[in-house]
Amino acid sequence: MQLQAVAENPSRIAADWLIVPVVETGDQSAAFRSLDEALRGRLSRLREAGDWTGKAGEALELRESIDGGPARLLLIGIGAPEKMTRSGVHRSLMTAVRRITCKQYEHIATVVPSGGGLEPAGAVEATALALVVGSTGQGLYRAEQGRFSPHRGTVVVPPGVEAATVVARGGIIGDAVNLARELVNRHPGEMYPETFAQRASQIAAQFGIDCEVLDERRIAEERMGCLLGVARGSDKPPRVIILEYRGAPATTETIGWVGKGVTFDSGGLSLKPSDSMKTMKCDMSGAAAVLSAMVAAARLQLPVNLLGAIGLVENMTGGNAYKLGEVLTARNGVTVEIMNTDAEGRLVLADVLDYAIERGASQLVDLATLTGSCVIALGEEVAGVFANNQPWCDRIVAAARTAGEEVWQMPMFDSFSEQLKSDVADCKNVGTRWGGSIVAAKFLEKFVDSKPWVHLDIAGPAFVESSKPHIEGGGTGTMVRTLVELAALDA
Ligand code: BES
Ligand code: MN
Ligand code: ZN
């Protein structure tokens with residue numbers, strides 16, 4: 001899609017569709033008023049008749065053209081200005097774009113929502129992003145597509161915003177979200193450690209990111225005993241990827257982004273029931289987010305140093321699979337008694353976190369579809385945040401809020417570590433049923449050497465089983481926007 005920003009009167013934009021955000025209370029925008037005028041007050045009359053209210057997410061299609069202007073209008077409610085958040089506006093815009101992209105159109109335009117505490121540039125970026133993400137489907141393997149990106153996307157901006165740059169930025173971040181979604185949506189027969197690593201090398205070369213792929217021999221030389229333990233159950237050899245982007249060569253500060261890349265999680269010998277296994281191609285969503293956000297940061301030339309570290313394995317049940325009771329030695333020397341082979345993500349991350357620190361990460365964020373327990377705690381749309389350092393945590397939470405992604409900090413009391421005590425090794429890899437997402441985070445904490453670290457458990461938001469009005473089923477690209485915002489905040 002060719003994205004552009006224009007500051008014209010929207011009733012003069014000859015698009016197939018014009019999306020018009022409307023508020024529930026207070027005055028409508030100048031864009032709305034000019035459209036209402038061009039339609040001789042029709043929009044106001046429909047409001048009086050109760051055809052639309054402006055409630056968040058409520059949409060009304062008007063298939064009536066304005067001479068020399070849009071052929072059709074879609075009114076989309078964005079709620080009351082005082083209740084507006086970036087995530088709420090994102091949701092409404094996604095709903096609007098998804099309403100009208102089931103058919104191929106040449107040109108879709110959108111008025112940028114405004115009001116309340118909405119920051120104008122953020123609203124422009126969110127609008128461009130929704131056009132790019134909302135118009136992209138998941139029919140990778142279907143002959144007949146169900147969603148179509150228009151050839152042209154126009155963002156109708158309010159005067160006074162650095163519009164062209166911000167629209168381009170929204171487009172770049174949208175592309176990154178779509179890349180993460182695509183990587184997750186590719187089926188696990190096609191996307192396994194070697195193929196993910198190949199794809200990552202290609203993408204890195206394309207965008208000028210340094211990329212190093214460690215094969216199983218190099219991983220063994222690096223003594224990543226926990227990651228290798230998990231990998232043993234599969235015929236597919238593991239890979240570790242190190243991505244480097246240096247946008248601030250004058251400083252040594254480097255943000256490390258660490259991604260869980262379990263390309264398929266069968267549970268191993270602690271086998272998952274079939275129903276829970278169905279979506280386990282999504283278990284590399286953290287890895288996909290890291291790679292995709294690196295691409296966006298490089299395209300945006302953010303003045304920050306980034307180290308992406310990705311651990312890729314398949315968790316399978318082959319004859320050489322790691323067993324319950326086995327003791328694995330992590331790269332940092334900690335010994336781990338395996339009590340459940342389905343708690344594999346933390347083993348992969350343990351070694352990759354330690355390696356990322358050796359490779360120069362001074363602060364860390366890891367992303368992992370780590371525990372079902374986090375989904376029980378926070379639901380399917382909110383990522384869990386776990387940290388060993390409050391100022392660093394506050395920065396990630398602030399980045400998420402600005403980016404419009406919902407996260408919630410969980411406690412990290414030391415009492416949760418009790419569950420990990422083992423009689424034969426330094427620790428076990430699982431605790432009891434209670435507080436499982438926190439216990440998993442306490443496990444990871446043993447491998448970050450007191451560096452400022454945040455763990456994002458994205459088991460809930462990474463994957464949507466079936467489409468909803470505001471989101472396509474499949475991989476979601478969760479936390480790509482937050483990571484990019486974090487890298488930009490640092491600047
Ligand atoms: N990949 C799963 C977690 C998961 C669950 C991701 C649901 C996405 C949706 C992880 O490897 C896992 O199996 N975790 C176990 C941990 C348990 C054995 C302590 C879980 O959550 O049941
Ligand atoms: Mn598992
Ligand atoms: Zn897993």
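Aspartate 265 forms a bridge between the manganese ion (ligand 2) and the zinc ion (ligand 3), with 3.1 Å separating the two metals. Aspartate 265 sits in strand β9 (residues 255-265), while aspartate 342 belongs to the loop between β12 (335-337) and α11 (345-358), so the pair ties together parts that are 77 residues apart in sequence. Please keep in mind as you explore that this is a predicted model.

## The two metal sites

Let us begin with the manganese ion. The manganese ion (ligand 2) is held by Asp265 (OD), Asp342 (O), Asp342 (OD) and Glu344 (OE), at 2.0 to 2.2 Å. Along the chain, the donors of the manganese ion (ligand 2) are spaced D-x76-D-x1-E. What is the arrangement of the 6 donor atoms at the site of the manganese ion (ligand 2)? The site is irregular, with angles of 71 to 170° among these donor atoms.

Now for its partner. Around the zinc ion (ligand 3), the coordinating residues are Lys260 (NZ), Asp265 (OD), Asp283 (OD) and Glu344 (OE), at 2.0 to 2.4 Å. Their spacing in sequence reads K-x4-D-x17-D-x60-E. Here the 6 donor atoms subtend angles of 79 to 176°, which makes the arrangement around the zinc ion (ligand 3) octahedral. As a guide for reading such values, ideal angles for six octahedral donors are 90 or 180 degrees.

## Helices that pack together

Away from the metals, we can turn to some helix pairs. Two packed helices are described by the angle between their axes and the distance between the axes.

| Helix pair | Angle between axes | Distance between axes |
|---|---|---|
| α5 (residues 163-185) and α6 (residues 193-206) | about 160° | 12 Å |
| α5 and α10 (residues 285-299) | about 155° | 8 Å |
| α11 and α14 (residues 436-445) | about 30° | 9 Å |

Take α5 with α6. From their angle of about 160°, α5 and α6 are therefore roughly antiparallel to each other. Their crossing is right-handed. On the α5 side, Leu179, Glu182 and Leu183 take part, and they meet Phe196, Arg199 and Ile203 in α6. This contact comprises 4 nonpolar, no polar and 2 charged residues.

Helix α5 also packs against α10, at an angle of about 155°. These helices, α5 and α10, are therefore roughly antiparallel to each other as well. α5 passes α10 in a right-handed crossing. From α5, the contact uses Ile172, Asp175, Ala176, Leu179, Ala180, Leu183 and Val184, and from α10 it uses Ser285, Ala288, Ala289, Leu291, Ser292, Val295, Ala296 and Arg299. By class, these residues are 11 nonpolar, 2 polar and 2 charged.

How do α11 and α14 run, roughly parallel or roughly antiparallel to each other? With an angle of about 30° between their axes, α11 and α14 are therefore roughly parallel. Their crossing is right-handed. Arg346, Leu347, Leu349, Ala350 and Leu353 of α11 make this contact together with Ala440, Phe443 and Leu444 of α14. The contact of α11 with α14 has 7 nonpolar, no polar and 1 charged residues.

Conventions: Residues numbered from 1 in each chain as written. Chains lettered and ligands numbered in written order. Predicted model: local features only at pLDDT ≥ 70, side-chain atom pairs only at ≥ 80, totals over all residues. Heavy atoms only, no water. Axes fitted to C-alpha atoms, helices over the stretch in contact; angles between N-to-C directions. Helix = DSSP H or I, 4+ residues; strand = E, 2+ residues; numbered from the N terminus. Parallel < 35°, antiparallel > 145°, perpendicular 65-115°, else oblique. Left-handed = near helix turned anticlockwise from the far one by under 90°. Contact = heavy atoms within 4.5 Å. Nonpolar A, V, L, I, M, F, W, Y, C, P; charged D, E, K, R; others polar. Donors = N, O, S within 2.8 Å, 3.2 Å for Na, K, Ca; no water. Tetrahedral: all angles 85-135°; square planar, octahedral: opposite > 155°, others 65-115°.
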